[in-house]
Structure formats: structure tokens, C-alpha cells
Amino acid sequence: FFVIKPDKPGDPASDKIAEDKAKEILAAIRKEGPKADFAKYARKFSQDPGSAGNGGDVNFFTRSQMVQQFSDAAFALPRVGDVSNVVLSPHGYHIIQLTGARRGFDFFRASIAAQITQEKEKAKADQLLGTLRATAKIEYYEDNLVKVNLP
């Protein structure tokens, strides 16, 4: 990610200048498309001293580690490589690129529940089939088997 900070936070004119600069940078990134070097833009324009030198990389984080506006935008990005719109937070105007994702248990909860349900249903069906086989009375009529014309 990177951030553009207003020179005078709270001043409408300064906020507008920072927002316009962030929108201009975002437009340049989107114009380049998937080949855009996001890290280059972050190193050149970001005013975040902790991440600018790393090309905007802040490694993995949880929702609670960042301010809500930033987290909401970052966690809404569906695919690695996606870039957010300009996001306003108390720290300035951010542009976020998803460079990797480690989705937590909540992300996989539905598929895990479906798999467990399927496994339980299969175990019940196997048990029922085993019981039916064990209690079934199977009779073979050899005379009738001989009468069947097989090719």
C-alpha cells in the first residue's frame, strides 16, 4: 500500500490536493494495467516511512492491526494483484494492492462444514449398507443361472 498525506490535515484545500494526487496515481496504475509496478509507485510516492522503502509491502496483517477504513478496503480485495480505489483513513489517502492472502478459519468455514457433513453422511450410509448386507438372506438358484444365455 501507500499513503498520500495532506500537508495540513483537516484543511479542506490541503485534503483535496492529497486526494487528487492519490487519484492521479491510481489512474496511472490502472492505465498500466496488470503490468503496473505497484512497488515502484509506492517507493516514489508513499509518505509512509515504514513501508515506502519496501515498495509498500506491510506483510500479512489482521483486521484489528490496521485502522478500520484500511482493513475494510484491504480485506474486500478478492484476488491477489487487485488494487483498491483511493481509501481515506485518519492517516491519509491510501491505495492498496493485495500481494498475498492468508485467509483465516472464517474463510474456509463453509467448505469445511460441507466436507464434514458429507463425510458423516457417507459413514452413515456405509454403516446402513453393512447392516443390510449382514442381515440379508441371499439365495442363489443355480438352475436359473444356467438358463441365462450369456454372449
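1. The buried residues of helix α2 make contact (heavy atoms within 4.5 Å) with β1 (2-4), α1 and β3. These buried residues are Phe38, Tyr41 and Ala42, where buried stands for under 20% relative accessible area, exposed for over 50% and partly exposed for what lies in between, with a 1.4 Å probe and protein chains only. Seen down the axis of α2, they fall within an arc of 100°, so they line one face of the helix; the arc is taken from the directions that run from the helix axis to the C-beta atoms. Helices (H or I, at least four residues) and strands (E, at least two) are DSSP runs, numbered from the N terminus.

2. The model is a predicted one, in which local features need pLDDT of at least 70 and side-chain atom pairs count only at pLDDT 80 or more, while totals for chains, interfaces and linings use all residues. Residues are numbered from 1 along each chain as its sequence is written, and side-chain values use heavy atoms, with hydrogens and water left out.

3. On confidence, the protein chain has an average pLDDT (the predictor's confidence in each residue, from 0 to 100) of 88, and 91% of the residues score at least 70. Within the chain, confidence is highest in helix α1 (residues 12-32), at a mean of 95, and lowest in helix α5 (residues 142-147), at 70.

4. Ala42, which belongs to helix α2, counts as buried at a relative accessibility of 0%. Apart from neighbours within four places in sequence, Ala42 is in contact with Phe1, Phe2, Ala52, Gly55 and Gly56. Between the C-alpha atoms of Ala42 and Asp57, which are 15 residues apart along the chain, the separation is 8.8 Å.

5. In helix α3 (residues 68-76), the buried residues are Phe70, Ser71, Ala73 and Ala74. Viewed down the axis of α3, they fall within an arc of 170°, so they line one face of the helix. That buried set packs against β2 (87-89) and β3 (92-95), whereas the face turned away from the buried side carries the exposed residues Gln68 and Ala76.

6. The largest pocket has a volume of about 440 Å³. Of the 22 residues that line this pocket, the closest to its centre are Asn59, Phe61, Leu98, Thr99 and Gly100. The lining divides into 13 nonpolar, 6 polar and 3 charged residues, where Ala, Val, Leu, Ile, Met, Phe, Trp, Tyr, Cys and Pro count as nonpolar, Asp, Glu, Lys and Arg as charged, and the others, Gly among them, as polar. Helices α2 (38-45) and α3 each supply at least two lining residues, and α3 gives the most, with 3 residues. A pocket here is an open set of points on a 1 Å grid over the protein atoms alone, where a 1.4 Å probe fits, with protein on both sides within 12 Å along at least five of seven lines; lining residues have an atom within 4 Å of a point. Grid points are joined across faces, edges and corners, and the volume is the space filled by probe spheres set on the points.

7. Two loop residues deserve a look. Asn59, in the loop between α2 and α3, is exposed, with a relative accessible area of 58%, and its phi is near 60°, a positive value in a residue other than glycine. Gly81, in the loop between α3 and β2, is partly exposed at 38%, and it touches Gln97 and Leu98 when residues up to four places away in sequence are not counted.
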